Amino acid sequence: MKQLIDGLRRASVLLIIPYRASFPKRSIANSVAAYIKTNTTCSILQTSVTSRCVKMLDQRKIFTADFFFRQLFDEQSHTYSYLLADIDTKQAILIDPVLEQAKRDAQLIEELGFTLKYALNTHMHADHVTGTGYLKQLLPGTVSVISQNSGAKADKHLEDNETIMFGRHELRALCTPGHTNGCMTFVIDEQGIAFTGDTLLIRGCGRTDFQEGDSRTLYHSVHDRIFALPDNYRLFPAHDYKGNMETTVAEEKKFNPRLTKDVDAFVELMNNLNLPYPKMIDKAVPANRECGLYDIPKAV
């Protein structure tokens with residue numbers, strides 16, 4: 001029995017020696033350490049990216065049950081209008097109406113049983129004639145609203161941080177000049193939304209080469225006023241040309257190719273866009289200065 005055990009021991013030594021001799025100089029311990037180090041680094045990077053994505057996609061505020069929201073579109077000017085209402089009181093407001101869509105908007109408001117309290121413009125537009133004046137004819141009692149700094153006529157002129165009410169809902173007006181002197185962003189904090197007009201577009205911004213435009217002023221309006229809103233606020237612009245409908249503060253802070261630059265680079269970019277002269281400006285601005293009552297087409 002003892003001889004058998006001694007024989008097995010000698011055999012095991014012979015088997016182990018060549019195995020060790022053929023093993024790579026890099027030890028198992030080193031290989032495992034390198035694997036763990038690499039994968040730990042990847043894991044940390046993935047966690048960091050995931051964390052940023054989660055922050056950017058923070059849960060939006062859910063609209064309250066008594067808040068009505070409808071986004072409307074004009075294909076010709078690529079303008080978004082927004083019908084908002086208090087479902088209980090039926091008081092409604094309409095942001096950035098378009099003249100050619102005034103009858104459509106008035107019909108919708110009547111069908112839904114709403115009363116249009118205010119027709120607001122984020123600024124004096126240069127690419128379409130506002131529907132505000134015509135809506136005042138179609139829906140008597142409507143009050144036209146625009147910024148005090150716009151230079152346009154209206155029933156009510158808003159100052160910075162002034163609020164208006166429709167039903168129990170409150171809209172807060174922020175002065176955000178740069179595209180024009182009279183640009184405003186309308187914020188409804190309870191719903192976590194803001195209407196940015198032409199100041200901030202989805203992955204872009206309004207041009208600054210006409211109508212008192214100033215690139216540096218626009219940059220500060222976006223960074224100091226709009227980007228100061230909570231990251232999860234949903235933003236709704238006055239225009240989009242690529243089919244996008246909304247964005248968020250967090251998205252634009254991270255992905256807006258113009259406004260993620262420093263201010264000097266932004267100003268240089270805006271000063272060298274070489275955009276064509278706006279084709280509607282000579283008609284739209286005089287009309288919008290008169291609250292859209294100037295030369296309303298009979299065919300509308």
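Please keep in mind that the model is predicted. Helix α5 covers residues 215-226, the largest pocket has a volume of about 930 Å³, and the largest cavity has a volume of about 60 Å³.

**Helix α5**
- From its first C-alpha to its last, α5 reaches 15 Å with its 12 residues, close to the 16 Å expected at 1.5 Å a residue.
- Buried residues in α5 are S215, L218, Y219, S221, V222 and I226.
- Looking down the axis of α5, you will find its buried residues within an arc of 160°, so they line one face of the helix.
- At the N-terminal end, α5 is capped by D214, which has a side-chain oxygen 3.3 Å from the backbone nitrogen of R216.

**The largest pocket**
- A total of 34 residues line the largest pocket, and S77, D127, R207, H239 and Y241 lie nearest its centre.
- Its lining is made up of 14 nonpolar, 10 polar and 10 charged residues.

**The largest cavity**
- Searching the whole structure turns up one cavity of 30 Å³ or more.
- The largest cavity has 14 lining residues, and those nearest its centre are N121, T130, I146, N288 and C291.
- Strand β5 (residues 143-147) gives the most to this lining, contributing three residues.
- By type, the lining of the largest cavity holds six nonpolar residues, seven polar and one charged.

Technical notes: Residues are numbered from 1 along each chain as its sequence is written. This is a predicted model: local features need pLDDT of at least 70, side-chain atom pairs count only at pLDDT 80 or more; totals for chains, interfaces and linings use all residues. Side-chain values use heavy atoms; hydrogens and water are left out. Helices (H or I, at least four residues) and strands (E, at least two) are DSSP runs, numbered from the N terminus. The expected span of a helix is 1.5 Å times one less than its number of residues. Buried means under 20% relative accessible area, exposed over 50%, partly exposed in between (1.4 Å probe, protein chains only). The arc is that of the directions from the helix axis to the C-beta atoms. A polar contact is a pair of N or O atoms within 3.5 Å; within protein, one must be able to donate a hydrogen and the other to accept it, and residues adjacent in sequence count only if both atoms are side-chain atoms. On a 1 Å grid over the protein atoms alone, a cavity is a set of points where a 1.4 Å probe fits but cannot get out, and a pocket is an open set with protein on both sides within 12 Å along at least five of seven lines; lining residues have an atom within 4 Å of a point. Grid points are joined across faces, edges and corners, and a volume is the space filled by probe spheres set on the points. Ala, Val, Leu, Ile, Met, Phe, Trp, Tyr, Cys and Pro count as nonpolar, Asp, Glu, Lys and Arg as charged, and the others, Gly among them, as polar.
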